[in-house]
Amino acid sequence: MSIQSVEPHRHRVVVIGSGFGGLFGTQALKKADADITMIARTTHHLFQPLLYQVATGILSVGDIAPATRLVLRKQKNAQVLLGEVETIDLENQTVTSRLLERVTVTPFDSLIVAAGAGQSYFGNDQFAEFAPGMKTIDDALELRGRILGAFEQAELSDDPAERARLLTFVVVGAGPTGVELAGQIAELSRRTLDGAFRKIDPREARVVLLDGAPAVLPVYGGKLSRKAAETLEKLGVEIQLDAMVTDVDNDGLIIREKDGTLRRIESQCKVWSAGVQASPLGKQLAEQSGGETDRAGRVMVNPDLSLPGHPNVFVIGDMMSLDKLPGLAQVAMQGGKYAAKQIKASLDGKSPSERVPFKYFDKGSMATISRFSAVAKVGKLEISGFIGWVAWLAIHLLYLVGFRSRASTLLSWAVTFFGRGRAQMASTEQQVFARNAMGELEKKNKEATESGSTSNGEAKKAAGKQQKAAG
Ligand SMILES: Cc1cc2nc3c(=O)[nH]c(=O)nc-3n(C[C@H](O)[C@H](O)[C@H](O)COP(=O)(O)OP(=O)(O)OC[C@H]3O[C@@H](n4cnc5c(N)ncnc54)[C@H](O)[C@@H]3O)c2cc1C
């Protein structure tokens, strides 16, 4: 175990997470008289809103995931540590993280927790084996492999029923991610892959967008929801609403209709984009502080985003619950900057009681449906179609981190939107199978450890090797 220095020191800020909240919080502390340690379980900052474009072959991983260490290279008061945070000790003010077998304890004077949220299967975690979520680069690459792999298998099959199953793509959840993904799978099959196979016609692929709610993009409401549904239908996406998924297996899913009847869709490739669950670190924080979490595991924070009873600990972004603020990048970015400001104020001798509550500035939200078509809502202003798409393009370019990412993304978009091509159509076997294989391995190691046949260290070493092998 390594313990970070406890010598006389400047104020120490630990930031957990390198996502929108963590990165913007760290950058806002650039001029602070403090040492900042960002701890994250990935080496990159991930622009999640464009993950679906990695999954559908438009963008490369590098376009949306710059290395955090390089982004922060010039910020001399910040260091980056790779590791999974396992424990936050509020009393002793330490964060314990692990990288394979190496355990690191990092003391803090102020803490910003921005560990985000994972996919929620609403208590049915067994669905994950057959319907991966869309939260990480691994998810997006696995999905790319599954989508393209389904077309390849269909080309090899002579059985019409099997072909139909292989060419049926089901996206569960008609929020922005589900809508964007369904739209892009449809465009991939109808434009990019058109004419590329000899036995199958990829344009005949069935793309189904399912939701238990009665509307597509319900948060946008009325006109924009209808507009999104119309555009998707024109693209050939089949929309099924008021449809609850009750079971998922390798070959399909079971759906319960509003009237209680059950039906089955045969489908090889399913994607889950239906719910979120905040990082389990939220529960730890609530338990230690006597605070509470909401149903999605988000920590209920004070109006200054601090943890009850801990004015030096801020919980931000997808992990925090305050005034029903949505899980959006802007909420996390503004939360990170706000927390940094409060830390700087306390370094200037200001008391927490002087803090002005966090106020979210709503810059609007948007979703693309297909090339040249998006819906956007900014305050009362509702935009759709081509103008919405141009706004979407400009805003996404603006918030991508780094000039290189912007330039290469713009080039990839030109190739895809003005032509038919997609530059990122490669996928590997490991991308498709590693997640479940690693899950199996971890399960076996756990059983072996519990029965005493393998030492804990050996089990973790094996899992570590497997993890390395999976890239
Ligand atoms: C597919 C998708 C599409 C989206 N589209 C949009 C959109 O169009 N517009 C929009 O505004 N928002 C969108 N969002 C939501 C937006 O991305 C989130 O609201 C935002 O990322 C939240 O920021 P965050 O900092 O709270 O968490 P994240 O950005 O998720 O960052 C969490 C960080 O914590 C790290 N981490 C987690 N657990 C640990 C641990 N135990 N130890 C160490 N590190 C840990 C992660 O590796 C990551 O670096 C989308 C999200 C997804 C998944």
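The largest cavity is lined by Glu-187, Arg-191, Thr-192, Arg-371, Thr-416, Phe-417, Gly-419, Arg-420 and Arg-422. Two elements give two or more residues to this lining: α7 (176-192) and α12 (403-418). The model is predicted, so local features need pLDDT of at least 70 and side-chain atom pairs count only at pLDDT 80 or more, while totals for chains, interfaces and linings use all residues. Residues are numbered from 1 along each chain as its sequence is written, and side-chain values use heavy atoms, with hydrogens and water left out.

**The largest cavity**

- A cavity is a set of points, on a 1 Å grid over the protein atoms alone, where a 1.4 Å probe fits but cannot get out; lining residues have an atom within 4 Å of a point.
- The structure holds one cavity of 30 Å³ or more.
- The volume of the largest cavity is about 40 Å³. A volume is the space filled by probe spheres set on the grid points, which are joined across faces, edges and corners.
- Which element gives the most to the lining of the largest cavity? Helix α7 does, with three residues.
- By class, this lining has one nonpolar, three polar and five charged residues. Ala, Val, Leu, Ile, Met, Phe, Trp, Tyr, Cys and Pro count as nonpolar, Asp, Glu, Lys and Arg as charged, and the others, Gly among them, as polar.

**The second largest pocket**

- A pocket is an open set of grid points with protein on both sides within 12 Å along at least five of seven lines.
- The second largest pocket holds about 410 Å³ of space.
- Its lining has 19 residues, and Arg-146, Gln-153, Gln-268, Val-432 and Phe-433 lie nearest the centre.
- α5 (137-156), β16 (269-272) and α13 (429-451) each supply at least two lining residues. α5 gives the most, with seven.
- Six of the lining residues are nonpolar, eight are polar and five are charged.

**Annotated regions**

- UniProt, in an unreviewed entry, places the feature "domain: FAD/NAD(P)-binding" at residues 12-336. UniProt positions follow the numbering used here, feature names are shortened, and annotations may be inferred rather than shown by experiment.
- Over residues 12-336 the chain is 30% helix and 28% strand, with the end C-alpha atoms 16 Å apart. Helices (H or I, at least four residues) and strands (E, at least two) are DSSP runs, numbered from the N terminus.
- The unreviewed UniProt entry also carries the annotation "transmembrane region", for residues 383-403.
- Over residues 383-403 the chain is 76% helix and 10% strand, and its end C-alpha atoms are 28 Å apart.

**Helix α9**

- Which residues of α9 (281-289) are buried? They are Leu-281, Gly-282, Gln-284, Leu-285, Ala-286 and Ser-289. Buried means under 20% relative accessible area, exposed over 50%, and partly exposed in between (1.4 Å probe, protein chains only).
- The cover over these buried residues includes β2 (11-16), β5 (84-89), β8 (110-113), β18 (299-300), β19 (306-307) and β20 (310-315). Contact means heavy atoms within 4.5 Å.

**Aromatic pairs**

- The structure holds 13 aromatic pairs. Rings of Phe, Tyr and Trp (its six-membered ring) pair if their centres lie within 6.5 Å; planes under 30 degrees apart count as stacked, over 60 as edge-to-face and the rest as tilted.
- Tyr-338 and Phe-358 form an edge-to-face pair, 5.3 Å centre to centre with 75° between the planes.
- Tyr-338 lies in helix α10 (329-347) and Phe-358 in the loop between α10 and β22 (365-370), so the pair ties together parts that are 20 residues apart in sequence.
- Tyr-338 is buried at 10% relative accessibility, and Phe-358 is buried at 9%.
- Ring pairs also link Phe-372, Phe-386, Trp-389, Trp-392, Trp-413, Phe-417 and Phe-418 into a cluster.

**Single residues**

- Leu-411 lies in helix α12. At 60% relative accessibility, Leu-411 is exposed.
- Leu-100 is not a glycine, yet has a positive phi of about 50°. Leu-100 sits in the loop between β6 (94-99) and β7 (102-107) and is partly exposed at 37%.
- Asp-242, also a residue other than glycine, has a positive phi near 55°. Asp-242 lies in the loop between β12 (237-240) and β13 (244-249) and is partly exposed at 23%.
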